[in-house]
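Subject: Structure for you to look at, with notes

Dear colleague,

Here is the structure I promised to pass on, together with its sequence.

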Amino acid sequence: MSNKCEVCEFKNPKATVTMALIMNGKLLMVQRNEEPFKDKWDLVGGYMQDGESTYEAAQREFKEETGLDGRFTFVDAFPGVASWRGKEYPILSNLFLVELIDPQQKIILDGENKNYDFFPFFRKNTFFAASCANVTHLF
């Protein structure tokens with residue numbers, strides 16, 4: 001009998017949520033302060049927690065990372081890759097468009113991100129994180 005775990009060999013993706021907030025024709029990006037993708041610009045998002053729906057995860061992650069409340073519209077799901085401690089893992093990112101409930105509310109970053117900015121839709125940058133590479137082509 002082998003001690004090798006067959007289930008451990010599966011390359012099933014981890015579920016994530018990614019939010020696109022567009023204001024004045026520009027897309028909100030955050031600069032990561034920790035791994036994965038430390039120092040890279042990325043869309044707001046993160047991993048889903050056990051028992052969360054995609055909408056619940058989108059609301060939680062968006063509030064945690066920006067301090068903002070929004071209404072979320074599901075767009076599509078995209079495969080991608082995340083890196084952790086030198087290994088790459090498949091992810092499935094659920095993309096949401098965000099409409100702010102209060103457009104006057106100010107962004108308050110948590111420690112996960114160190115900066116934010118709004119970028120023109122068609123700006124192509126090599127410093128964007130790999131996690132958003134599969135979704136930024138929509139913009």
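Helices (H or I, at least four residues) and strands (E, at least two) are taken here as DSSP runs, numbered from the N terminus. With that in mind, the protein chain has 1 helix and 7 strands, and from the N terminus on they follow the order β-β-β-β-α-β-β-β. Please keep in mind that this is a predicted model, in which local features need pLDDT of at least 70 and side-chain atom pairs count only at pLDDT 80 or more, while totals for chains, interfaces and linings use all residues. Residues are numbered from 1 along each chain as its sequence is written, and side-chain values use heavy atoms, with hydrogens and water left out.

The chain as a whole

Of the 139 residues of the protein chain, 39% count as buried, where buried means under 20% relative accessible area, exposed means over 50%, and partly exposed lies in between (1.4 Å probe, protein chains only). The accessible surface of the protein chain comes to about 8,600 Å², of which 52% belongs to carbon and sulfur atoms; such areas come from the Shrake-Rupley method with a 1.4 Å probe, and for residues only the protein chains shown count as cover. If a contact is taken as heavy atoms within 4.5 Å, then residues 24 or more positions apart account for 69% of the contacts in the protein chain with a separation of 6 or more.

The nonpolar cores

In soluble globular proteins, nonpolar side chains tend to be buried together. A nonpolar core is defined here as a set of buried Ala, Val, Leu, Ile, Met, Phe, Trp, Tyr and Cys residues joined through side-chain atoms within 4.5 Å. The largest one has 15 residues, of which M19, L21, F62 and F72 touch the most other members. The elements that give two or more residues to this core are strand 1 (14-23), strand 2 (26-32), helix 1 (54-66) and strand 6 (87-100). A second, separate core of 8 residues includes A20, M29, W41 and L43. As for L21, if its neighbours within four places in sequence are left aside, L21 is in contact with K26, L27, L28, F62, L68, V98, L100 and F118.

The helix

Helix 1 has 13 residues and reaches 18 Å from its first C-alpha to its last, close to the 18 Å expected at 1.5 Å a residue, the expected span being 1.5 Å times one less than the number of residues. Its buried residues are A57, A58, R60, E61, F62, E65 and T66, and these pack against strand 1, strand 2, strand 4 (44-47), strand 5, strand 6 and strand 7 (113-120). E56, also in helix 1, is partly exposed, with a relative accessible area of 42%. After the helix comes G67, whose phi is positive, near 75 degrees.

Charged pairs

Counting a salt bridge as a side-chain nitrogen of Lys or Arg within 4 Å of a carboxyl oxygen of Asp or Glu, a search of the whole structure finds 7 salt bridges. In one of them the side chains of R32 and E112 meet at 2.7 Å, N to O, and this pair links distant parts of the chain, with R32 in strand 2 and E112 in the loop between strand 6 and strand 7, 80 residues apart. R32 is buried, with a relative accessible area of 7%. Another salt bridge joins E99 and R71 (3.7 Å, N to O); E99 lies in strand 6 and R71 in strand 5, so the pair ties together parts that are 28 residues apart in sequence. Here E99 is partly exposed at 47% relative accessible area, and R71 is partly exposed at 43%. Finally, salt bridges that share partners join E52, R60, E61 and E64 into one network, within which the side chains of R60 and E61 meet at 3.0 Å, N to O.

Strand 5

V75 lies in strand 5 (residues 70-84) and is partly exposed, with a relative accessible area of 37%. F78, in strand 5 as well, is buried, with a relative accessible area of 12%, and the C-alpha atoms of F78 and S93 are 5.2 Å apart in space, although the two are 15 residues apart in sequence.

With best wishes
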